[in-house]
Amino acid sequence: MLQEEQLSGQALDHLGLIASVIDKIGLIEKVDKYLPVSAKYGAKITMGQRVAAMIQNGLGFMNDRLYMFSAFLENKPVDRLFGPDVTADHFNDDALGRCLDAISEYGVTKLFSQLAFEIGTEHKLFGRTAHFDTTSLTIFGSYEEQDELAAKNDFKVTYGYSKDHRPDLKQMILNLATTGASSFPIWMESHSGNASDKVVLQQAAARMQAFCAQLKEAPSFLFVADSAIYEKCIQEAKGSKSDQSLHWLSRVPHTIKETKTLLALPDETQKWTLLDKGYKVTSFSSTYGAVPQRWLLVFSQQAYTREMATLQRTIEKEYDAMEKQCTQLGRTVFNCIKDAQKEIPLFEKKLKYHTLLATVEPIDLLRKYIRFLLVAKST
């Protein structure tokens, strides 16, 4: 009969699922091909095993520092996750730090894209389009070596437009491209915290296109992004041959005069093509920026209904707020008509969805004082 001291347990949890995916795509072997290490120099684990361990940690609902990594693996079946003869103490901060240094020297984007295109090709994960977008990653703490790093690679951890709604924190920008029905990531770049999407997206698409041209099995992607990419793509198309320019799809910025003109056209003047689920579409030919383009105007009944409901709530909210201010201002006594009339343009600046009906009335027979009455009226 087994005694209590003879029994022990280990926590596999969901890490087994992650390990099975890593094994299925051959990630460890692929990383080792680009970042080889030799046991002759004391290496007990490969770079691929170290990368797999950091992925397990990142997806293990943990945020341990490198020096705590061995503790994270202490109660895990390490040999089942990363291979035989592997123990938790092999994944110390020195081993992981050297792995990160090796990735940095090789090129983060280069390694990521090479691995992604190999995996995508093997498992047929590519689609016809590559969708680009950026996000901001907020950074905590002080970075004293920031100036030295910025001098080397023009990368700055700094303040910028925060998509995390934390403008008080420094940040970095991560640009990611995905493809296929599974949104498989195929391209990744990091940028300074104040990098502009208008520059980052178009340059990333051009670099990815150049990278794909070097690969025999890489598909020819249609690059899709938001309106930030539009102006740069127009400029690029002017100076490129038709067979070298990017094939791209984006929203046309609403700030363009031609866009405003088309959106203002009466609905009944358009030749709409009806689609399913409340959608309809019409097309226009444009040569904005001296580049031939095809513009599509899409109408969604569901989106229209939502927007109208939101707009109505916004109008009612403004009316309630302005009505209170109108009542308060209407009780104000002025010494002369000019003083009262000066309040009209000041009040009108606060209104977005309403107009004013203003009257000036005397409050006594001698007309020594003037009272100002305002009534909000929706347009």
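A salt bridge is a side-chain nitrogen of Lys or Arg within 4 Å of a carboxyl oxygen of Asp or Glu. The views below come from a predicted model, in which local features need pLDDT of at least 70 and side-chain atom pairs count only at pLDDT 80 or more, while totals for chains, interfaces and linings use all residues. Residues are numbered from 1 along each chain as its sequence is written, and side-chain values use heavy atoms, with hydrogens and water left out.

**View 1. A salt bridge joins Lys163 and Asp197.**
The side chains of Lys163 and Asp197 meet at 3.3 Å, taken from N to O. This pair links distant parts of the chain, with Lys163 in the loop between helix H8 (146–153) and strand S2, and Asp197 in helix H9 (residues 197–213), 34 residues apart. Helices (H or I, at least four residues) and strands (E, at least two) are DSSP runs, numbered from the N terminus. Lys163 has a relative accessibility of 30% and therefore counts as partly exposed, where buried means under 20% relative accessible area, exposed means over 50%, and partly exposed lies in between (1.4 Å probe, protein chains only).

**View 2. Glu189 and Arg207 form a salt bridge between a strand and a helix.**
The closest N and O atoms of Glu189 and Arg207 are 2.8 Å apart. Because Glu189 lies in strand S3 and Arg207 in helix H9, the pair ties together parts that are 18 residues apart in sequence. Glu189 counts as buried, at 5% relative accessibility, whereas Arg207 is partly exposed, with a relative accessible area of 35%.

**View 3. Glu118 in helix H7 pairs with Lys33 in helix H2.**
The structure holds six salt bridges, and in one of them the side chains of Glu118 and Lys33 meet at 2.9 Å, N to O. The two residues are 85 residues apart, so that this pair links distant parts of the chain. Glu118 counts as buried, at 18% relative accessibility. Helix H7 (residues 108–122) also holds Gln114, which counts as buried at 17% relative accessibility. Not counting residues up to four places away in sequence, Gln114 touches Tyr34, Tyr106 and Phe211, a contact being heavy atoms within 4.5 Å.

**View 4**
In helix H1 (residues 15–24), the residues Leu15, Ile18, Ala19 and Ile22 are buried. An α-helix has 3.6 residues a turn, so residues three or four places apart point the same way. The cover over the buried residues of H1 includes helix H2 (27–34), helix H3 (47–58), helix H4 (69–73) and helix H5 (78–82), while the face turned away from the buried side carries the exposed residues Leu17 and Lys24. After H1 comes Gly26, whose phi is positive, near 65°.

**View 5. Val51 is a buried residue of helix H3.**
The relative accessible area of Val51 is 16%. Leaving aside neighbours within four places in sequence, Val51 is in contact with Val31, Cys99 and Ile103. The C-alpha atoms of Val51 and Leu100 are separated by 8.7 Å, although these residues are 49 residues apart along the chain.

**View 6. Five strands make an open sheet with mixed pairing.**
The strands stand in the order S3-S2-S1-S4-S5. Strand S3 (184–192) and strand S5 (248–249) are at the edges, each with a single partner strand, so one side of each is left without a neighbour in the sheet. Two strands pair if DSSP finds at least two bridges between them, and strand S2 (residues 170–179) pairs with S3 in the antiparallel sense over eight bridges. Thr179 has Phe184 in S3 as its bridge partner.

**View 7. Three strands form an open antiparallel sheet in the order S6-S7-S8.**
At its edges stand strand S6 (273–274) and S8, each with a single partner strand, so one side of each is left without a neighbour in the sheet. Strand S7 (residues 279–286) runs antiparallel to S8 and is joined to S8 by eight bridges; the bridge partner of Ser285 in S8 is Arg294. Strand S8 (residues 293–300) also contains Leu296, which is partly exposed, with a relative accessible area of 49%.
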